[in-house]
Amino acid sequence: MNYRAVETTGEYVARLETGADWRAEIESLAEEVDADAAWFSALGAVQDAECWFYDQDDCEYYPIEFDEPLEVASCVGNVALLDGDRFAHTHAVLSDPDGNAVAGHLNAATVWAGEVHMRVFEEPLEREYDETTELDLWL
């Protein structure tokens, strides 16, 4: 296990813009507050979504697309630098009108309504390729 202590420089709350991309809005907030490393949580609703499932045997993401309104029951993630750009690694639990839930890596979604809380870390986090998992991981 790799770990390190982190110091925070600020905390922010934001309302995501209706019609915008969910993850891009979080990355935009990180850009606005100059966050090269952060942890966030969010909730709300989306008009559609594309989740990714990472197949550990193939070491590849597979998309799962939803073209319907969904509640964002839970959304967590972190911001780190990936190839010099701020990247919001985002996971979400989404539910349909019957309460059925789906979850995964949230690649894209159109915001209906969203609220986010972001805690910014003092030192940047840089994502780097990990040979074992074939993922870009930090620390």
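Biologist: Which residues of α1 are buried?

Modeller: Buried means under 20% relative accessible area, exposed over 50%, partly exposed in between (1.4 Å probe, protein chains only). In α1, the buried residues are W22, R23, I26, E27, L29 and A30. A helix here is a DSSP run of H or I, at least four residues, and a strand is a run of E, at least two, numbered from the N terminus. This is a predicted model, so local features need pLDDT of at least 70 and side-chain atom pairs 80 or more, while totals for chains, interfaces and linings use all residues. Numbering starts from 1 along each chain as its sequence is written, and side-chain values use heavy atoms, without hydrogens or water.

Biologist: What do the buried residues of α1 pack against?

Modeller: They pack against β1 (8–16), β2, β4, β5 and β6. Contact means heavy atoms within 4.5 Å.

Biologist: What sits at the two ends of α1?

Modeller: At its start, a side-chain oxygen of D21 comes within 3.3 Å of the backbone nitrogen of R23. After α1 comes D34, with a positive phi near 60°.

Biologist: How many residues are in the largest nonpolar core?

Modeller: Such a core joins buried Ala, Val, Leu, Ile, Met, Phe, Trp, Tyr and Cys residues through side-chain atoms within 4.5 Å. The largest one has 27 residues. W22, F40, A49, L94, L106 and M118 have the most contacts inside it. Two or more residues each come from α1 (22–32), β2 (38–55), β4 (70–82), β5 (85–95) and β6.

Biologist: Is H105 buried or exposed?

Modeller: H105 counts as buried because its relative accessibility is 4%. It lies in strand β6 (residues 101–121). Beyond neighbours within four places in sequence, its contacts include W52, Y61, F87 and H89.

Biologist: How many disulfides does the structure hold?

Modeller: A disulfide is a pair of cysteine sulfur atoms within 2.5 Å. The structure holds zero. For C75, the nearest cysteine sulfur is that of C51, 9.8 Å away. C75 is buried, at 1% relative accessible area. C59 is partly exposed, at 21%.

Key
A polar contact is a pair of N or O atoms within 3.5 Å; within protein, one must be able to donate a hydrogen and the other to accept it, and residues adjacent in sequence count only if both atoms are side-chain atoms.
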